[in-house]
Amino acid sequence: MSGIKRYLIRKTLIYTLTFFLAVTIDFIIPRMMPGDPIGVLLSRFATLPEATKYLHGYFVQAFGLNKPLWEQYLSFWNAVLHGDLGVSIYYYPKPVTEILKAAIPYDLALLFPALVASWFVGNWLGAIAGKNRKLDSYLMPVFYFLQASPYFWFAILLSYLFTFKLGWFPISGAYSYGIIPSLSWEFIKDYLYHWILPFLSLFMVQLGGWAIGMRNMIIYEVEADYIRYLEALGASERTLMKHAFKNAMLPQVTGLAIQLGLLVAGNVTVQIVFSYPGIGYVLMQGIMNQDYFLIQGAFLVIILTVLIANFTIDLLYALIDPRVRTSYTEEGA
Amino acid sequence: MSLKRTLRIALKNSKFKVGIAIVTIMAIFALLGPLTTPFDNMGYYPIKFGNTTFPKPTTPSLPPMSQDTVYGSSGVVNVTHYLGTDSFGRDIYAQLTYGMRSSFFIGIVAGGLATLLGLLIGFVAGYKGGWTDESLMILTNIMLVIPTMALLIIIAAYLPYRGTGIESLIIGLTAWPWAARAVRAQTLSLKNREFVNLARLSGLSDLRIIFGEIMPNMISYVFMVFILQFGGSILAAVGLDFIGLGPTRGMSLGIMLQQAVLWNAVTLGYWWWAIPPGLVIAILITGLYFINTGLDEVFNPRLRGGGE
């Protein structure tokens, strides 16, 4: 079997297992925790005692709580695989899947550009700092501060400066009132205007981490034997940096996996600051209103997004690092 | 490298010194700050009537350094709001310093727990190898992919009563994977060094080798892992508090920020409510990063370069 194939099989296995575990967690935790979710759900209808009686029966049936646990588990899987995540309480009677479907495009429009842009700009700035000691002493504290900031706090800071002080950008939402989301130029312009601050919050904080990582790697690599050897051979500065950069890049690609989780979490909180209608905002509504179906659904969507993204990163990694192909042929899985 | 020598070199490193200074100042603020304010942890002014205490709000929305008067049981009291008050008349400085205290608590407990778990799992995986290693690493990789925050959300959302202790526990139990991976790599590289082989040849037991030979060489590394876990736990807790899954009672830096956003502190221009809670966290964690980089330079002379 070729190395790359083995690598892919192994990765697929891990991700399938992770997905399996995530769905199981999503199933178990609400049932394991103290307190009675149905009681909480019903307290929303406390003013209607008649309805409560009827609803209790309905919810027990809907959760399938009157059946044995393994049967509940199987039907939970069945529902998840059919894209049925229940009905939202807060947005009653909208199905959770529908709410999440409407939110996802807003998330992707924010997350993807923020991740890609911060990765490129951060690595570029980090490489510059790693090469230039003097510049490094000014840049490094800035990078650290960015990386140390909670995403949503940075969002608050930006909105204070650019909205309250300067009045340049709108404070909240993804588009102005009175505009209907469509693919018209007018909407896109309005959307981008609302998009800039949430984007910048994610971009700036994330950039700090990439820059620091790259800076450290470059400093290591520049001192490595192979660079010394190249230097002794009389290779140009450009050639040296090209090789150092290429090697320093690899951990930065692996780092995407860890950063992605943090970015997704940051995204959730930043959306709350700007009332930006993505998954994060929906999740907050779910938490504030104890809408458990919504929370469970959002959890699954977040995990699934991260899994798909990680799988893509792994594919990318196999393409750029030739060692993956060889190592998996040598020692097997 | 002996601990004394390490410390001597470290104290010559400017990044390490800056970091230590920042973290020490913040620790003092967290520890002694509450003694410098007459207000309670929620920012109310406690008024005593016999054995019961009534928390009393003061004038709302005052800017920093405002003078204010409280009508207490023993007459009129003059107070200064160093950082002003929020929309409910609660003192911001008091909330901030008590909030810092609970952040430190979470950092130490959750960060400590995560470091311990990471150390244990990474170490066992690296030292034992084989199937133990394989299965522990599969677990680690799975935990690594599931975003900690998502896991925290789903756990915290179903806990009806949450305190700082529980919050630390669930953060600690979910934050260990990257530490385990790093420790495992370290163990793998140490395990086949000559001095370890020598110890094995001379018939020392596994435990003696682990604690006598390998551990002392990893202490510095473990300390650096702890620093990062400490900072990471504080950030995780702030995020969790911010989305409304923090302690169900009391105050924290994340809850301050949540309330500032919910009550439009930014649109009202109350920067003293919305900015300081995040700023102190960012400064504290910047300090931690500085310590870490400083230590890194101490342990890897290559990083030091010509400048220092």
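Angles between axes under 35 degrees count as roughly parallel, over 145 as roughly antiparallel, 65 to 115 as roughly perpendicular and the rest as oblique. Axes are lines fitted to C-alpha atoms, for helices over the stretch in contact, and angles run from 0 to 180 degrees between N-to-C directions. The model is predicted: local features need pLDDT of at least 70 and side-chain atom pairs count only at pLDDT 80 or more, whereas totals for chains, interfaces and linings use all residues. Residues are numbered from 1 along each chain as its sequence is written, and chains are lettered from A and ligands numbered from 1 in the order in which they are written. Helices (H or I, at least four residues) and strands (E, at least two) are DSSP runs, numbered from the N terminus.

**Helix pairs**

| Pair | Angle | Axis distance |
|---|---|---|
| Helix 9 (residues 206-242) and helix 13 (residues 276-299) of chain B | about 165° | 10 Å |
| Helix 11 and helix 12 of chain A | about 150° | 8 Å |

Helix 9 of chain B and helix 13 of chain B are therefore roughly antiparallel to each other. Their crossing is left-handed, a term used if the near helix is turned anticlockwise from the far one by less than a right angle (right-handed if clockwise). The contact involves residues of helix 9 of chain B including Met224(B), Ile227(B) and Leu235(B), and residues of helix 13 of chain B including Ile285(B), Leu288(B) and Asn292(B). Two residues are in contact if their C-beta atoms, placed from the backbone, lie within 7 Å. By class, this contact has 13 nonpolar, 3 polar and no charged residues; Ala, Val, Leu, Ile, Met, Phe, Trp, Tyr, Cys and Pro count as nonpolar, Asp, Glu, Lys and Arg as charged, and the others, Gly among them, as polar.

In chain A, the angle given above makes helix 11 of chain A roughly antiparallel to helix 12 of chain A, and the crossing of these two helices is left-handed. Ile279(A), Val282(A), Leu283(A), Gly286(A) and Ile287(A) of helix 11 of chain A meet Leu294(A), Ile295(A), Ala298(A), Val301(A) and Ile302(A) of helix 12 of chain A. This contact comprises 9 nonpolar residues, 1 polar and no charged.

**Tyr90(A)**

Tyr90(A) lies in the loop between helix 4 (69-81) and helix 5 (96-131) of chain A. Leaving aside neighbours within four places in sequence, Tyr90(A) is in contact with Gln285(A), Gly286(A), Asn289(A), Asp291(A) and Leu294(A). Tyr90(A) is partly exposed, with 16 other C-beta atoms within 10 Å; a residue is buried if 20 or more other C-beta atoms lie within 10 Å of its own, exposed if 12 or fewer, and partly exposed in between.

**Chain B**

Chain B has 14 helices and 4 strands, and buried residues make up 47% of its 308 residues. In helix 8 (residues 194-201) of chain B, by contrast, the count of buried residues among 8 is 0. Strand 3 (residues 66-72) and strand 4 (residues 75-81) of chain B pair in the antiparallel sense over 7 bridges, pairing being assigned if DSSP finds at least two bridges between two strands. A hairpin joins strand 3 to strand 4 of chain B through 2 residues, and Ser66(B) stands opposite His81(B).

**Contact between chains**

On the chain A side, 50 residues are in contact with 44 residues of chain B. Helix 11 (279-288) and helix 12 (292-320) of chain A are among the helices that each supply at least two residues of that side. The residues of that side divide into 38 nonpolar, 9 polar and 3 charged.
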